[in-house]
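I opened this model to look up two things. One is the ligand site, the other the contact between the chains.

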Amino acid sequence: MNNQLFSGTGSLSRFILRRDRIRIPIWILSFVFATVATAVAFIGLYENAQERQAIAATMENPAMMAMVGPGYGLANYTSGAMMAHQMLLMTAVVVGLMSVLLVIRHTRTDEEDGRIEMVRSLPVGRLSNVAATLLVLFLVNTVLAVLTGISLYALNIESMELEGSLLYGAALGATGMIFASLTAVCAQLSHNARSAMGLSIGILLLAYIVRAIGDVGSEAVAWLSPLGWIVRSEVYVNNIWWPVLLTVGAAIIFGALAMYLNSIRDLGAGFLPARAGKVHASPLLLSPIGLAFRLQRTGFIAWAISMYVLGASYGSVMGDMESFFADVDLMQDLLVPMEGFSLVEQFVPTLMAVMTIIATIPVLMAILKMRGEEKNDRIEHILGRAVSRNRLLGSYLLISLIASFVMISLAGLGLGTVADAVMEEGFDVAMAYQAALAYLPAVWVMVGLTVLLIGWLPKLTGFIWLYLSFSFFVIYLGSLFQLPEWVEKITPFGYVSAIPLEEFDWLQATMLTAVAILLIVVGFVGYNRRDIGS
Amino acid sequence: MTILKTAGLTKKFGDFAALDGVDIEVGKGEVYGFIGPNGSGKSTTIRVLLGILKATEGHATIFGKDVWKDAVEIHKRVAYVPGDVNLWPNLTGGEVIDLFIKLRGGNNTSRREELIRRFDLDPSKKCRTYSKGNRQKVALVAALSSDADLYILDEPTSGLDPLMERVFQECVREAKAEGKSILLSSHILSEVEQLCDKVAIIRQGKIIETGTLKELRHLTGTMLLVETKEPMPGLAEVKGVRGIVQKDGALSFQVDQEELDHVVRYVSGFGIIRMESAPPTLEELFMRHYEGTGTGGVS
Ligand SMILES: Nc1ncnc2c1ncn2[C@@H]1O[C@H](COP(=O)(O)OP(=O)(O)OP(=O)(O)O)[C@@H](O)[C@H]1O
Ligand SMILES: [Mg+2]
């Protein structure tokens, strides 16, 4: 290895591991635990082959393919096949998210805060930091792969043999690696940590959407997405290894690309064009809320477009679903349509739940931006002038609430309008929109909880992401099989009326809103009492 | 007239007392220097004064109003420059200045242009590309172009070059001439010496000395440099003599004001060849307080 470029990579890797000695084990153990827990849950819920076979029949429908990937091994739907088919993709996406967060943290964030500059002044190579970050991420994902594989095998479930279990783990690890490398590339392209993170998460979502479109429509499209590769490893059925190896290979290539880009750019610079600046501020910028919006404008717009695209891609699936149901007599018997609802409509609540939880991400980011500003010591510029704490927090809150409305509306309308366009029978757009809006109070509770954390426990605001992930997990699993009633009630999303199957429950929605308001008020009280910048 | 006053200001971070009974008082039209070593509590005091941190004990008022309860009202008449100026990387300097001026509630654009020119700042650049000094200029232009009654400046010149430092000093003098009050924290003693009417020295969260420069000098006495025909072996024992240093065959030492008369008599007995006297610089005053006790804070 070239000394000039890579010297000190080893010590930097150890340093990264030391800085994250709590964070990394928590991530890894969460994945192992969640995987083992779901495997056990699957066994408990479907005791015999007949029950599993009944579920297998529903898996060929386009909505399921869009959500979990193409069906395979459905003729003999063993517990293993079921587990891999229904859980692998979603878990892999979250592993990808872990990689994105860790890589940005150790590349662009460190660079923005000036820490890389200090490291670079020491006798370390130009590429050592990127190399060390990727090395650590590859290591983390390898450990994750091996631990998950061994844990699944150790459950001693008949259809989960050693090779399949290891492949399951390897597929997760490979996804983590490729998104680590892709994020490292994004970190070179953008000028700052925030936009690098936005770009990386955008790519992750895009990979999911492209795969969904491909899985439902054309196989060739699915091959454009790394997530399309790993679901084709057909874990526990055919155990195909080469898609996983392909993913690792691509990860190495993108890792090399990231290092190349790093070597040809200046510290602190990026490749995406930066426009020439203005001498005077536009009047729209000149208020706390104007500033708060301006700081997140690009991300806001990108998320808004993504939400519409996500809704639209689910909507496009509706058309396929319609013809699918028409073809298969079996389905007609199996899924007894509810009185007055088409089969297609029955999938609406599940899709809405998944979409609104994703739409909650930009909503929470909007309010959490305030914590970022505080950590960077920029809040004192604002509070040091004639701006009250209520006005400041209120500005971010308002943006967050507007975001909740915009994001959810776009997702609902995206689904509705596209479904209406592709379906022969047409689709009730207003119904889709109502179904989406029904989730607003639940999102507000998440916002309220965040305000509460900002007011009282500013150091623990990251907890909200854990809770959102948990909500996603619960709602997603709840849509796959019958969970006990109380489980869904641990998250606000469990209190939402499943339109169109249920009537809109005004009382429930009012209660959720009241809880949200209460949390917000208490959060404001705390924010007015505490020190800034701690 | 008192503009700013603190009484027994105490701030604890957990068990650690960053401020321990700070009393300062800034009058109208006064430039008040606030000096102390790293980690002594200067920035913490200022953050309490701005209502960003909440005092654990004690009381602080600006314009007679409580700094915590009436923060917004107070801030309409206060301009602040933080010690570390962190700006938004994707806004330009010009945008940030406009924002700051607007958030204070004024819009004095003529001052803005004049100060941008005097500080030689390019407002069309993104803050990401600014050097430390340029970020500080952005904060200074925003603060100085606002028509405030009290300026709170936390080490405002730590990143400026000597030329810009002079511009800054001119601006402070102009503000003072207009009857504005200024609280200026600093490490740079010559700056405090040149600008300030009053000085407070803080160490480990405690104010250890306050007063006008004259009063503090009185405390430390006069510096003498003496060359004599015969050596003065007993000088160190003479009352009121401190800090003897050998300098090119001469002796330099400090004399307490009240002992000056008999020290000069004693010295003249040895045949004076050369004798120079000077008031002590703030530096010497400052060093005296930290003699043998290391620096201030924990950090
Ligand atoms: N949020 C905090 N939590 C714990 N300790 C703190 C906090 N903020 C400041 N301190 C401590 O309080 C002390 C005073 O810090 P302060 O920033 O006021 O010093 P300073 O006089 O401004 O120093 P400098 O000249 O380096 O700017 C330091 O020991 C610092 O470590
Ligand atoms: Mg300081």
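Which backbone atom lies 2.8 Å from an oxygen atom of ligand 1? I found a backbone N or O atom of B:Gly39 there, a polar contact (a pair of N or O atoms within 3.5 Å).

I noted the ground rules. The model is predicted: local features need pLDDT of at least 70, side-chain atom pairs count only at pLDDT 80 or more, and totals for chains, interfaces and linings use all residues. Residues are numbered from 1 along each chain, chains are lettered from A and ligands numbered from 1 as written, and side-chain values use heavy atoms, without hydrogens and water.

**Ligand 1.** I looked at B:Thr44 next. An N or O atom in its side chain is 2.5 Å from an oxygen atom of ligand 1. A polar backbone atom of B:Gly41 is 3.0 Å from a ligand oxygen. Alone, ligand 1 exposes 640 Å², and the protein buries 69% of that (Shrake-Rupley method, 1.4 Å probe).

**Chain B against chain A.** I counted 37 residues from chain B and 35 from chain A in the contact (heavy atoms within 4.5 Å). The buried area is about 3300 Å², with 57% from carbon and sulfur atoms; this is accessible area (1.4 Å probe) lost on putting the two parts together, summed over both. On the chain B side, B:Ile52, B:Trp88 and B:Leu103 lose the most area, together 21% of what that side buries.

I then checked charges. The interface has 3 salt bridges (a side-chain nitrogen of Lys or Arg within 4 Å of a carboxyl oxygen of Asp or Glu). A:Arg294 pairs with B:Glu95 in a salt bridge, closest N and O atoms 3.1 Å apart.

Note on methods
A polar contact is a pair of N or O atoms within 3.5 Å; within protein, one must be able to donate a hydrogen and the other to accept it, and residues adjacent in sequence count only if both atoms are side-chain atoms.
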